[in-house]
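Work through the exercises below with the model open. Each task is followed by a solution in steps.

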Amino acid sequence: MLIGEVARRSGVSARMLRHYESLGLVRPSGRTGAGYREYADEDIRRIFHIESLRAVGLSLREIGRALDDPGFTPADLVDDLVRRTRERIAAETELLIRLDRIQATDPAGWEDVLHVLAVLRALGSPSAGARQRAALAPVDEVPVEALVEAALDESDPVVAGALRWALARSDGSAVLLGEGLGSPQAAVRERSVRSLAELPGAEATALLRDALASPDAVVRGRAALALGARGEAAATPVLVDMIVAGRNDTDAADGLSVLAGDDAAAHRIASLLVGRLGEETTGPPARGRLTQALAGIPGATASRALAGLLGDADPAVALTAAYLLRLRGDG
């Protein structure tokens, strides 16, 4: 089969076939009487083999090794190819994300594009000062997706605070931040809930309510503290758990005081605290914290509970109850 026919049937141009020959990848098995290249069936199969290997990303030099080196190990080359492909995909994905973020700002001209690029680069800068300045840029100059990504990655507390402040002034960040609550990384989950806690609006509140069921105690606690400050009664059981566990118990007690804003709520919270006081698994330190938490709960239920603790077997609990009753004017 002559080179023109091979090119037509294989889809490989005659020029590329000559290039393969110059590299020693394919050598026509014979020549016609007129000196034209003549390809045998085995040559055609080798051409298709070369094209298949090119299709998966091998270079012509690597293809030559794969075809002719008897000691060649395919697994090593495939491993390297997988690594290079992943790196290329990651780079192209990053480029696509960056282009999407530029597009989201609806740039009017190249000056706007360059400005957004500068802000995006600054958000990823190794300099904490540069990241902070980028976070404090006008809201319409920073894509919200970039702010969320930066906030979930930021470890510097000052920069993190600036990013949360920027997110609180941006639209559409709540849902994006909510995705961070399911991250496999504990630090990302905490940054997510901290940022949501500073966002206003019903969307952020709903995500914080969902976070009360998180298996991560830190996430549950931060969500409960934020919801308590917003008057969300759903936070009550988690706040009580925090007092028992001794985790941010002072803040949790303050949250319960906010939630005990009417007689019904005060009765419900006081009853919950008393119930935990009576559990056999509640140790002395936790009973002391629960007793102190009753101080911030108004109403007769809390007063009766404190009076009942005056004869408690734990002297510290009894003394605390007596002191609190005097402060309430009940002692």
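**Exercise 1.** State how much space lies in the largest cavity, and list the residues that line the largest cavity.

*Solution.* A cavity is a set of points on a 1 Å grid over the protein atoms alone where a 1.4 Å probe fits but cannot get out. The largest cavity holds about 30 Å³ of space, a volume being the space filled by probe spheres set on the points. The structure has one cavity of 30 Å³ or more. This is a predicted model, in which local features need pLDDT of at least 70 and side-chain atom pairs count only at pLDDT 80 or more, while totals for chains, interfaces and linings use all residues. Residues are numbered from 1 along each chain as its sequence is written, and side-chain values use heavy atoms, with hydrogens and water left out.

Next, the lining (residues with an atom within 4 Å of a point) consists of Ala151, Ala160, Leu163, Arg164, Arg191 and Ser195. By class, three are nonpolar, one is polar and two are charged; Ala, Val, Leu, Ile, Met, Phe, Trp, Tyr, Cys and Pro count as nonpolar, Asp, Glu, Lys and Arg as charged, and the others, Gly among them, as polar.

Last, assign the lining to helices (DSSP runs of H or I, at least four residues, numbered from the N terminus). Helix H9 (157–168) and helix H11 (186–197) each supply at least two lining residues, and the largest share, three residues, comes from H9.

**Exercise 2.** How are H11 and H12 oriented to each other, and which residues make the contact?

*Solution.* Take the axes as lines fitted to C-alpha atoms over the stretch in contact, with angles from 0 to 180 degrees between N-to-C directions. The axes of H11 and H12 (residues 202–211) come within 9 Å and cross at roughly 140 degrees. The two helices H11 and H12 are therefore oblique to each other; angles under 35 degrees count as roughly parallel, over 145 as roughly antiparallel, 65 to 115 as roughly perpendicular and the rest as oblique.

Then list the contact (heavy atoms within 4.5 Å). Val193, Leu196 and Ala197 of H11 meet Ala204, Leu207 and Leu208 of H12. This contact has six nonpolar, no polar and no charged residues.

**Exercise 3.** Describe how H13 is placed against H12 and against H11.

*Solution.* Start with H12. Its axis and that of H13 (residues 217–229) come within 8 Å and cross at roughly 135 degrees, and H12 and H13 are therefore oblique. Thr205, Leu208, Arg209 and Ala211 in H12 meet Val219, Arg220, Ala223, Ala226 and Leu227 in H13. By class, six residues are nonpolar, one is polar and two are charged.

Now take H11. The axes of H11 and H13 come within 9 Å and cross at roughly 5 degrees, which makes H11 roughly parallel to H13. Here Arg189, Glu190, Val193, Arg194 and Ala197 in H11 meet Val218, Val219, Arg222, Ala223 and Ala226 in H13. The contact of H11 with H13 has six nonpolar, no polar and four charged residues.

Technical notes. On a 1 Å grid over the protein atoms alone, a cavity is a set of points where a 1.4 Å probe fits but cannot get out, and a pocket is an open set with protein on both sides within 12 Å along at least five of seven lines; lining residues have an atom within 4 Å of a point.
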